[in-house]
Amino acid sequence: MLIVEVNDLKLLKCIDTDGFLIGTDKISSEVFVKFPKEKVLEFVKEVHQNKKIVILDATNIFHDQDLAETKEILDYLNEVDFVMYNDLAIMNMVPIEKRIYYSTTYVTNLYDFDIVKEENTYVVVSPELSFEELKAFNQKDGSFIIGFGTWEIFHSRRRLLSNYFKYRKTDYFNGRYHIIEEFRNEMYPIVEDEGTKIYLNGYYYLASELKELSKNILLKTFDLEYENVVKIVHAYNEAIINGDYEKLEKIIKEFPIDTNKGLLYEESILTKGVKERG
Amino acid sequence: MAKIELLAPAGNLEKAKIALMYGADAVYVGGKAFSLRARASNFNIPEIKELVEFAHERNKKVYVTMNIIPHENDFTGLDEYLKDLEDVNVDAIIVSSLYIMKRAKEISPKLEVHVSTQKSTTNIDTINYYKEKGATRVVLAREVSMDEMIHISQNTDVELEVFIHGGMCSSYSGHCVLSNHMTNRDANRGGCAHSCRWNYSLVKNGEILPKTYNIGSKDLMAVEYIPALIDAGIASLKIEGRMKSVYYLACVVRAYRMLIDKYYETGVLKPDYVNYIISEIGKAENRITNVGFFKGIPDSDGQLYDNRSEIPTQEYAAFVLEYDKELQMALVEQRNYLVVNDQIEVFGPNLSSNYLQIEKMIDFDTNEEFEIARHPLQKFWINMPIEVSYGDLIRVIKK
């Protein structure tokens with residue numbers, strides 16, 4: 001199953017995907033663009049006419065006072081095929097056959113996967129895994145992986161942009177913000193909404209690795225332009241159909257965007273002092 | 001209703017005992033496996049056993065953190081470890097992994113299971129989920145406000161544990177992997193590099209803004225919320241900092257102990273007393289503090305900008321090892337610069353603050369008098385007209 005995140009409603013026309021991940025205000029966290037719930041509902045109806053599926057992003061972290069409104073939104077959008085969530089409160093609002101657990105950092109081994117899977121139809125495993133670790137999930141029904149894109153690597157309830165500008169006695173204006181650490185060169189997108197999120201720099205991708213991985217693949221489009229999204233989805237779809245993942249590797253490598261392999265081939269270091277900063 | 005628990009961190013056996021001696025009702029420690037804070041000098045099973053015996057003799061408790069988010073190869077020895085912890089009568093384990101939680105219920109049913117703050121629990125439905133899985137206590141996310149805590153407490157019978165003092169993740173705990181991506185150090189397996197406390201530049205629409213950008217948060221100090229937390233029925237008040245010093249632990253634990261006891265005794269905390277407690281904590285606290293999320297989402301006052309968070313504190317001078325009643329001398333171990341004629345304060349678990357002047361210092365090894373104690377861990381005798389005992393602390397009164 002190939003799913004693409006909707007950052008532009010024109011993606012409705014994208015024929016190379018099995019379905020879409022779409023988000024709306026108040027409940028969605030992982031998608032980059034959120035649409036009014038009315039627009040989402042229209043989108044769902046049209047997608048269903050095309051015999052594809054829609055996954056609703058409900059990955060916010062919810063406090064008790066948020067839950068009533070969240071339930072209203074989920075009820076309003078109950079025609080979606082699946083709800084992707086991380087906060088366990090959502091389990092009381094969505095039946096098991098519609099649940100996709102988006103594990104963020106929490107499902108990093110098969111033991112935890114098995115427990116979570118008992119209560120969900122699909123589980124998106126944590127992307128901070130090595131290739132060897134990811135391969136192990138291929139044996140599990142219902143595992144979902146992020147195949148392409150960027151994701152939150154930091155999620156705060158604090159308003160870290162507007163607070164900063166207040167401290168600097170400068171007006172905070174909407175814009176595209178990134179942060180660069182003083183000893184490093186990577187630029188990490190930072191976005192303030194109800195809280196603040198920092199995203200992975202560049203676009204992570206799996207390609208040649210996919211021959212050994214789950215074929216339930218989520219493509220996260222973040223701020224990619226529509227034309228590029230369509231090309232990327234097409235490349236992944238072709239690779240899955242033809243089994244030619246080396247060609248996919250070549251296509252993504254040559255794509256005019258910053259790409260990386262995340263932590264796929266990095267050895268995690270658990271103690272300080274082993275590797276210095278910089 | 002049971003009296004609220006004061007729960008302190010401990011990075012080693014000495015710190016754990018000091019925390020209990022100074023008034024903690026329970027301590028939480030990391031074992032050699034499955035624990036965050038990889039750099040803390042974590043406990044082996046014999047040490048945990050010794051600590052549990054020490055704690056239980058005093059009607060206090062020991063919790064062991066097993067709150068890593070484990071990868072496949074981290075599970076080696078899990079069953080044996082759980083059994084060992086149960087065998088040495090640990091009171092509870094603090095976990096993040098649902099599998100470790102499940103396995104603990106199967107392998108070591110006498111161990112209570114507490115859900116770690118790494119799970120960032122913010123609502124009642126999630127608490128109830130963990131209850132169904134067998135947890136008896138949930139550590140709430142530090143993002144939960146006082147009003148939210150009251151609401152949660154009124155609507156669940158699961159014990160709630162709340163952080164009241166110490167360092168805070170700027171992110172929802174468990175949801176930050178900055179360290180993983182910037183340094184390859186896995187924040188959720190004990191390797192956090194504290195990337196949120198580093199200096200950054202902010203780039204707006206492609207242009208680097210001139211001043212340093214920071215995302216780190218000030219440390220938490222919730223002294224003023226203790227009465228509300230007690231009244232709300234919170235089960236446990238938790239101090240952060242398994243890496244902190246003996247002196248820090250003694251001062252902070254003692255201060256909160258006094259505060260809690262005063263509120264139970266009198267039903268009220270007068271502003272003067274709260275200020276006194278804050279000043280006591282201030283003698284050990286070396287970071288800028290704030291009330292975090294207790295009063296709602298923090299504004300810019302809750303963040304660390306421009307300056308490093310540490311405020312040097314050099315007041316802590318010596319640790320008391322023993323007392324010679326006849327000679328009225330205390331054998332102490334040096335922690336910071338101490339000079340003859342310094343005015344000092346001596347205090348301890350069973351000793352309220354006493355003030356005196358150093359008149360004489362005699363080196364333990366050479367038996368010679370000297371004027372300045374400048375060597376860390378140097379043992380020496382000082383004049384001490386009041387009876388002190390092991391674990392009492394000496395600090396210099398700032399002029």
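Predicted model: local features only at pLDDT ≥ 70, side-chain atom pairs only at ≥ 80, totals over all residues.
The C-alpha centres of domain 1 of chain A and domain 2 of chain A lie 24 Å apart, and that is where I would like to start. Residues are numbered from 1 along each chain as its sequence is written, chains are lettered from A and ligands numbered from 1 in the order in which they are written, and side-chain values use heavy atoms, with hydrogens and water left out.

Let me take the domains of chain A. Domain 1 covers 2–151 + 203–277, and domain 2 covers 153–199; these bounds come from an automatic or database domain assignment. Where the two domains meet, 15 residues of domain 1 are in contact with 15 residues of domain 2, contact meaning heavy atoms within 4.5 Å. The area buried between them is about 1,200 Å², and carbon and sulfur atoms give 45% of it; buried area here is the accessible area, with a 1.4 Å probe, that two parts lose on being put together, summed over both. Between the two domains there are three salt bridges, a salt bridge being a side-chain nitrogen of Lys or Arg within 4 Å of a carboxyl oxygen of Asp or Glu. A:Lys34 forms a salt bridge with A:Asp193, where the closest N and O atoms are 3.0 Å apart. On the side of domain 1 that touches domain 2, we find four nonpolar, six polar and five charged residues, where Ala, Val, Leu, Ile, Met, Phe, Trp, Tyr, Cys and Pro count as nonpolar, Asp, Glu, Lys and Arg as charged, and the others, Gly among them, as polar.

Now to the interface between the chains. Here 68 residues of chain A are in contact with 75 residues of chain B, and the area buried between the chains is about 6,800 Å², of which carbon and sulfur atoms give 56%. The count of salt bridges between chain A and chain B is four, and B:Lys133 forms a salt bridge with A:Glu119, with the closest N and O atoms 3.1 Å apart. The rule also finds 46 residue pairs in polar contact across this interface, both residues at pLDDT 80 or more; a polar contact is a pair of N or O atoms within 3.5 Å, and within protein one must be able to donate a hydrogen and the other to accept it, while residues adjacent in sequence count only if both atoms are side-chain atoms. By class, the side of chain A that touches chain B has 32 nonpolar, 16 polar and 20 charged residues.

Which residues does A:Thr104 touch? Leaving aside residues up to four places away in sequence, A:Thr104 touches A:Asn86, A:Ser126, A:Pro127 and, from the other chain, B:His175. A:Thr104 is found in the loop between β6 (99–102) and α3 (110–117) of chain A, helices (H or I, at least four residues) and strands (E, at least two) being DSSP runs numbered from the N terminus. A:Thr104 is buried, with a relative accessible area of 17%; buried means under 20% relative accessible area, exposed over 50% and partly exposed in between, with a 1.4 Å probe and protein chains only. A:Thr104 also has a positive phi of about 45° although it is not a glycine, and most residues other than glycine have a negative phi.

B:Asn123 caps the N-terminal end of α5(B), with a side-chain oxygen 3.4 Å from the backbone nitrogen of B:Asp125, and α5(B) is followed by B:Gly134, whose phi is positive, near 110°.
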